[in-house]
Amino acid sequence: MSHSEDALREKLLTLYPEIPQNGIQIRLQFYRVKNICIVTLQKDCRVLNTFLSKKDIDSCMVMRKPQLFDIQMHQFLNSMRAHEKKNPAPAFSFC
């Protein structure tokens with residue numbers, strides 16, 4: 001893969017400003033042998049692990065949202081927001 005983790009992270013944060021706006025942490029791990037990138041999104045105890053194929057990564061680099069990641073990202077946000085409405089944030093949290 002010709003793209004760096006830092007470059008991909010910056011593109012994802014540009015394509016999805018909701019990530020930093022909602023305090024979501026993002027971690028990337030490239031598996032060059034399989035040409036994929038594992039993406040982990042986490043906020044408090046909520047975690048989404050998904051992957052981007054080489055085609056998805058190339059799309060991100062030219063500012064196109066990958067379809068499956070886009071769906072999963074919005075489901076993660078919706079789930080997180082629904083949980084926050086039902087249960088306001090406590091002073092501390094057990095994961």
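Predicted model: local features only at pLDDT ≥ 70, side-chain atom pairs only at ≥ 80, totals over all residues.
Thr50 belongs to strand S3, which covers residues 46-53. Setting aside the neighbours within four places in sequence, Thr50 is in contact with Cys37, Ile38, Val39, Phe69 and Gln72. With Gln72 there is also a polar contact between the two side chains, at 2.4 Å.

Once residues up to four places away in sequence are left out, Asn49 touches Val39 and Thr40. The side chains of Asn49 and Thr40 are joined by a polar contact of 2.7 Å. As for Val39, its C-alpha atom is 5.8 Å from that of Asn49, although the two residues are ten apart along the chain.

Now let us step back and look at the whole chain. Its secondary structure consists of four helices and three strands. Reading from the N terminus, the order of these elements is α-α-β-β-β-α-α. The C-alpha trace spans about 45 × 25 × 20 Å along its principal axes. Of the 95 residues in the chain, 34% are buried.

Let us return to the strands and follow the chain between two of them. The loop between strand S2 (36-43) and S3 holds Asp44. The phi angle of Asp44 is near 55°, which is a positive value in a residue other than glycine. Asp44 is exposed, with a relative accessible area of 54%.

Next comes helix H3, at residues 54-61, with Met61 as one of its residues. Which residues of H3 are buried? They are Asp56, Ile57, Ser59, Cys60 and Met61. The cover over these buried residues includes helix H1 (5-15), strand S1 (25-31), S2 and S3.

Apart from residues up to four places away in sequence, Met61 touches His3, Ala7, Leu8 and Lys11. Leu48, by contrast, is 13 residues from Met61 along the chain, and the C-alpha atoms of the two are separated by 22 Å.

After H3 comes Met63, with a positive phi near 65°. Like Asp44, Met63 is a residue other than glycine with a positive phi. Met63 sits in the loop between H3 and helix H4 (67-86). At 38% relative accessibility, Met63 counts as partly exposed.

One more topic is worth a stop: the cysteines. The structure holds zero disulfides. Cys37 is in no disulfide, and the nearest cysteine sulfur to its own is that of Cys60, 9.2 Å away. Cys37 is buried, with a relative accessible area of 0%. Cys60 is buried as well, at 0% relative accessibility.

Cys37 is one of the residues in contact with Thr50, while Cys60 is among the buried residues of H3. From here, you can go back to Thr50 in strand S3 and look again at its side-chain polar contact with Gln72.

How values were computed: Residues numbered from 1 in each chain as written. Heavy atoms only, no water. Helix = DSSP H or I, 4+ residues; strand = E, 2+ residues; numbered from the N terminus. Polar contact = N/O pair within 3.5 Å; in protein donor to acceptor, adjacent residues only side chain to side chain. Contact = heavy atoms within 4.5 Å. Buried < 20%, exposed > 50% of the residue type's maximum accessible area, 1.4 Å probe, protein only. Disulfide = S-S within 2.5 Å.
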